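This report goes through selected features of one protein model. Please keep the sequence and the coordinates at hand while reading.

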Amino acid sequence: YSNYTYIPDPIVENVSPTFTLTKSKTLVHIMGDYFSNLSKGLAWVSFGGNILEATVVNQTMISFISPQSESSKSGTLGLSLNGIDFAPSKAMFSLLTSPKILYASPLFSHENGGIVMSIEGSGFHNVSSLSCIFRFSG
């Protein structure tokens, strides 16, 4: 006679951030439930053909370092607490290439802002957190 313990599949509810740049190594947090203590603090994430080692922070959070890539990739994350059986999720994650700015107009403005700018280039991605940051010198 032996003991058998049923452990429910992990449930992924959210990923933060939902994207990072292809050349960066970014700490990514997966939030959900049933990230069991039986995994001894280790977990694995599948993304874009890669299997990445992850850390179980607690019952509801796992963290991993995003992989580097030569090109953009998007897809769902799989999660495993044993490195073999991956539970699918609907959580989307993306690796995005860095944008390249070719031209910006106007080239200067007054310090109060409010000027509409045009920026031309390539590699711009349609993400909700897209922004421009200006640094003043002088």
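Which residues do ring pairs link into a cluster? The cluster consists of Phe47, Phe64 and Phe93. The model is a predicted one, and the structure holds two aromatic pairs.

**Aromatic pairs**

A pair of aromatic rings is described by the distance of the centres and the angle of the planes. The table lists both values for each pair.

| Pair | Centre to centre | Angle between planes | Geometry |
|---|---|---|---|
| Phe47 and Phe93 | 5.3 Å | 80 degrees | edge-to-face |
| Phe64 and Phe93 | 6.0 Å | 70 degrees | edge-to-face |

Phe47 sits in strand β4 (residues 42-47) and Phe93 in strand β9 (residues 92-96), so this pair links distant parts of the chain, 46 residues apart. Phe64 belongs to strand β6 (residues 61-65), so its pair with Phe93 ties together parts that are 29 residues apart in sequence.

Phe64 is buried at 2% relative accessibility, and Phe47 is buried at 3%. Each of these values falls under the 20% cut-off for burial.

**The open sheet**

Strands β4 and β6 also take part in an open sheet of six strands, in the order β1-β3-β6-β5-β4-β8 with antiparallel pairing. Why is one side of β1 and of β8 left without a neighbour in the sheet? Strands β1 (11-16) and β8 (78-80) stand at the edges and each has a single partner strand, so one side of each has no neighbour there. From one strand to the next, the twist averages 30 degrees.

Val45 stands opposite Leu79, the latter in β8.

**Ser89**

The loop between β8 and β9 contains Ser89, which counts as buried at 13% relative accessibility. The side chain of Ser89 reaches the backbone oxygen of Leu77 at 2.5 Å. A polar atom of this side chain also lies 3.3 Å from the backbone nitrogen of Ala91. Not counting residues up to four places away in sequence, Ser89 touches Val12, Thr76 and Leu77.

Thr20 is placed in strand β2 (residues 19-21) and is buried, with a relative accessible area of 7%. What does the side chain of Thr20 make a polar contact with? The partner is the side chain of Ser24, at 2.8 Å. With neighbours within four places in sequence left aside, the contacts of Thr20 are Thr26, Ser66, Phe93, Ser94, Leu95 and Leu96. Phe93, one of these contacts of Thr20, is also a member of the ring cluster.

Leu102, in strand β10 (residues 100-105), counts as exposed at 70% relative accessibility, because the value is over the 50% cut-off. With neighbours within four places in sequence left aside, Leu102 is in contact with Glu120 and Gly121. Leu102 and Arg135 are 33 residues apart in sequence, with a C-alpha to C-alpha distance of 18 Å.

Note on methods:
Residues are numbered from 1 along each chain as its sequence is written. Side-chain values use heavy atoms; hydrogens and water are left out. Helices (H or I, at least four residues) and strands (E, at least two) are DSSP runs, numbered from the N terminus. Buried means under 20% relative accessible area, exposed over 50%, partly exposed in between (1.4 Å probe, protein chains only). A polar contact is a pair of N or O atoms within 3.5 Å; within protein, one must be able to donate a hydrogen and the other to accept it, and residues adjacent in sequence count only if both atoms are side-chain atoms. Contact means heavy atoms within 4.5 Å. Rings of Phe, Tyr and Trp (its six-membered ring) pair if their centres lie within 6.5 Å; planes under 30 degrees apart count as stacked, over 60 as edge-to-face and the rest as tilted. Two strands pair if DSSP finds at least two bridges between them. Axes are lines fitted to C-alpha atoms, for helices over the stretch in contact, and angles run from 0 to 180 degrees between N-to-C directions.
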